[in-house]
Amino acid sequence: MLIISRIKFLLITIISLIIFLYLPNFTFQKVSAQFIDSPEITALNASFNNPQIYSFVESGFNYTQQLYGKPRIPVKKVNLNLNTTALTSLDNANQGEFTIYLSRKSSEYAFHGQLAHEIFHLLNAQLLDCYAEGLATFFAEKMLTRNNLNWSGWEQYFKQGSEPFYGLSYFMMKEVSETAGATNISRFLDFVVYNNSSKQWMHIDIDGWLSSMSDDVKIEVEKVINKNITQLQQVTKSNNQMYTCLEPS
């Protein structure tokens, strides 16, 4: 009996040791499977056919999801093209195909900031809203800083009053983000509604988002919005009428 008991004890010890050694590896494999898939990237303009640009798009797309959640429409393919105006278009919702148009070449200073701004719009290319534009520009700052690229030129550009719609919305949403905190701002794009029955364009339900946070944080965020929104609405009405820019009720 003593020999049998010793054998059982030895077997239990060996099994416990095996579980201890291999269970961490099993857990790590489960976590690693959660990485975000990168979309296929195609350069429609030869100047954008560059592995470093592709890598910037992939890392930016992953980073913006980490900050603001999954895209409204799964992004499977991203085309890069040159255009007189920078924008992001939804080409085929069923196939998840988008095109990022840029007005700057990769050799120009403004290229990476412009590209980062448009990467944000992959999360919802139907969103035409002053709050979303400001958040896209703030994301561009975060993306450039993360990659050790210079943002000071953009900062100075906006402080000088150049492109006031983008400058005013950027400074407002930077302060809004810092006041609201990471958890609240990560839910920002959940509060979108269609502009009308055509369901072509969308805007932020700013009251819905504000109502989702605690009262003390909501009060402080409203203060930031209210000190900026009147001037931003005036600029939007004058030069950027395609964008919705609602003040909190």
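Residues are numbered from 1 along each chain as its sequence is written, and side-chain values use heavy atoms, without hydrogens and water. In this predicted model, local features need pLDDT of at least 70 and side-chain atom pairs count only at pLDDT 80 or more, while totals for chains, interfaces and linings use all residues.

Trainee: Which residues does Phe188 contact, leaving aside neighbours within four places in sequence?
Mentor: Contact means heavy atoms within 4.5 Å. Phe188 is among the core residues with the most contacts inside the core. Its partners are Tyr131, Leu135, Met173, Ile204, Ile206 and Trp209.

Trainee: What span does helix α6 reach from its first C-alpha to its last?
Mentor: The expected span is 1.5 Å times one less than the number of residues. Helix α6, residues 164-180, has 17 residues and an expected span of 24 Å. The model comes close to that, at 23 Å.

Trainee: Which elements are included in what covers the buried residues of α6?
Mentor: Buried means under 20% relative accessible area, exposed over 50%, and partly exposed in between (1.4 Å probe, protein chains only). In α6 the buried residues include Phe165, Tyr170, Met173 and Val176. Their cover includes α4, α5, α7 (182-186), α8 (206-211) and α9.

Trainee: Is Asn240 buried or exposed?
Mentor: Asn240 sits in the segment after α9 (215-239). Not counting residues up to four places away in sequence, Asn240 touches Phe165 and Val235. Because its relative accessible area is 14%, Asn240 is buried.

Trainee: What is phi of Asn148?
Mentor: Most residues other than glycine have a negative phi. Asn148 lies in the loop between α4 and α5 and, at 73% relative accessibility, counts as exposed. Its phi is positive, near 60 degrees.

Trainee: Where is Lys199 found?
Mentor: Lys199 is not a glycine, yet has a positive phi of about 55 degrees. The strands on its two sides are β5 (192-194) and β6 (202-204), and Lys199 is in the loop between β5 and β6.

Trainee: How much space lies in the largest cavity?
Mentor: On a 1 Å grid over the protein atoms alone, a cavity is a set of points where a 1.4 Å probe fits but cannot get out, and a pocket is an open set with protein on both sides within 12 Å along at least five of seven lines; lining residues have an atom within 4 Å of a point. Points are joined across faces, edges and corners, and a volume is the space filled by probe spheres set on the points. The count is 1 cavity of 30 Å³ or more. The largest cavity holds about 40 Å³.

Trainee: Which residues lie nearest the centre of the largest pocket?
Mentor: The largest pocket holds about 840 Å³. β3 (87-92), α3 (111-120), α4 and α5 (152-159) each supply at least two residues of its lining. Of the 36 lining residues, those nearest the centre are Thr85, Ala86, His117, Glu118 and Tyr166.

Conventions:
A nonpolar core is a set of buried Ala, Val, Leu, Ile, Met, Phe, Trp, Tyr and Cys residues joined through side-chain atoms within 4.5 Å. Helices (H or I, at least four residues) and strands (E, at least two) are DSSP runs, numbered from the N terminus.
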